[in-house]
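This report covers a two-chain model, from the fold of one chain to the contact between the copies. Please keep the sequence and structure in view while reading.

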There are 2 protein chains.
Amino acid sequence: MGRPSVRHKLVDAALDVFEVHGFNGASVQDLTDAAGVPKGSFYNHFDSKEKLALEALQAYIARNGIEVLHDEKLAPLERLRRHFRANWKTVKDRGYRSGCFLGALSSEIADSHETSRAEFGRLFHHWSVAIAGVIRQAQADGSVAAATEAPVLARFVLNAWQGTLIRAKVVRSDQPYEDFVAMVFATLLAPPAAPAVAAPAKKVPRAVRQK
Amino acid sequence: MGRPSVRHKLVDAALDVFEVHGFNGASVQDLTDAAGVPKGSFYNHFDSKEKLALEALQAYIARNGIEVLHDEKLAPLERLRRHFRANWKTVKDRGYRSGCFLGALSSEIADSHETSRAEFGRLFHHWSVAIAGVIRQAQADGSVAAATEAPVLARFVLNAWQGTLIRAKVVRSDQPYEDFVAMVFATLLAPPAAPAVAAPAKKVPRAVRQK
């Protein structure tokens, strides 16, 4: 079996190994065992466990469905809904485990691994910018109120998503996702308020959905 | 030195050790070395590394300022602001490192340690209930719109906080906290909409505060 194959096997196996043992708890032996490759082959392909983790992270991000955010055939908010729904499906299919590899790795090693921290920063930024682009379009077409700057909304929504996946690991139910959808799509990304036309005036009318 | 002191030293040292090495990466030797106690003394006090982690977590939660949420001398939203501000100060004072021990430990071991997962669930629930109590009071006194159920808001805000602290580890700046404050206090916990009196009517009025 040629080198590319050993490399791919290591990258493929890394995600599961790091999820079970944590980055710090996973040994090179754990990684080569899971990949079914000789232990001695590891350093032919990666200078360090950190290098492998970053390559596995690139592969993870590449398949986490960021491209749907750029699908101009769909309305902006629909892209965002599908993006988080697809990510949630992956989590749910795994029994609410695993969370987001970017978030989990950041939580564990951003403080101790400077090269990784810089890479996490780039990935978070790239992801936030893609979300902000969608929100900006939704604000421009009037489907989302323009009161808050899109980049602030986008960063907050992504941070909230990370916390949502941690909570999901703990409670193993749909509740964190349902809370996220309710708060993000019905409140933070609500349409612009319009004059009340349907709702009859009440003594203390408040927070009535309009338009 | 008596047993209680060894135990306390281990609990005190545990937080820093787990933050640097992760739960899985920290050995009993790392923990006893950091505590300055004999390695052999560990199992006189704790059945496992997990037991020590859970006791360190209890100590962490006890000092993370949940009591301010119950301080009836302060307005409800002021309690919530102070709660997160105090937690943020701890993070900032540590160079934006460390995050939340509950979140970090949940992220790393909720999938693999069932006893811990149950305990994380109780702590998240307890914390959310305290936040929901504050929000409910703020909704009752009219300082927060009552459109969203307090428990949903509270869970989401706490999840968003967890993600905010992960992002802070990565970017090492005030931005995640500023985003959190802007979105939580100015938007999610905004006062009930009041009739537009100052803003002149525009062609496409939107995001106008109403009551």
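## Helix packing in chain A

The model examined here is predicted. In chain A, the axes of helix H4 (residues 49-62) and helix H6 (residues 101-109) cross at roughly 150°. H4(A) and H6(A) are therefore roughly antiparallel to each other. Their axes come within 10 Å.

Which residues make this contact? From H4(A) come Ala53(A), Leu57(A), Tyr60(A) and Ile61(A). H6(A) answers with Phe101(A), Leu102(A) and Leu105(A). By class, the contact of H4(A) with H6(A) has seven nonpolar residues, no polar ones and no charged ones.

## Overall fold

Chain A is built from nine helices and zero strands. Read from the N terminus, the order of elements is α-α-α-α-α-α-α-α-α.

Of the 211 residues in chain A, 40% are buried. Take the contacts in chain A between residues at least 6 apart in sequence: 58% of them join residues at least 24 apart.

## Domains of chain A

Where the domains of chain A meet, seven residues of domain 1 are in contact with eight residues of domain 2. On the domain 1 side, helix H1 (3-25) and H4 of chain A each supply at least two residues. H1(A) gives the most, with five residues. That side of domain 1 of chain A holds three nonpolar, two polar and two charged residues.

## Symmetry

Chain B superposes on chain A by a rotation of 180°, with 0.0 Å of shift along the axis and an RMSD of 0.0 Å. This is the relation of a two-fold axis.

Why do the copies meet through the same surface? Because 94% of the interface residues of chain B are also interface residues in chain A.

Methods. Residues are numbered from 1 along each chain as its sequence is written. Chains are lettered from A and ligands numbered from 1 in the order in which they are written. This is a predicted model: local features need pLDDT of at least 70, side-chain atom pairs count only at pLDDT 80 or more; totals for chains, interfaces and linings use all residues. Copies are superposed by least squares on the C-alpha atoms of residues with pLDDT of at least 70 in both. Two residues are in contact if their C-beta atoms, placed from the backbone, lie within 7 Å. Helices (H or I, at least four residues) and strands (E, at least two) are DSSP runs, numbered from the N terminus. A residue is buried if 20 or more other C-beta atoms lie within 10 Å of its own, exposed if 12 or fewer, and partly exposed in between; C-beta atoms are placed from the backbone. Axes are lines fitted to C-alpha atoms, for helices over the stretch in contact, and angles run from 0 to 180 degrees between N-to-C directions. Angles under 35 degrees count as roughly parallel, over 145 as roughly antiparallel, 65 to 115 as roughly perpendicular and the rest as oblique. Ala, Val, Leu, Ile, Met, Phe, Trp, Tyr, Cys and Pro count as nonpolar, Asp, Glu, Lys and Arg as charged, and the others, Gly among them, as polar.
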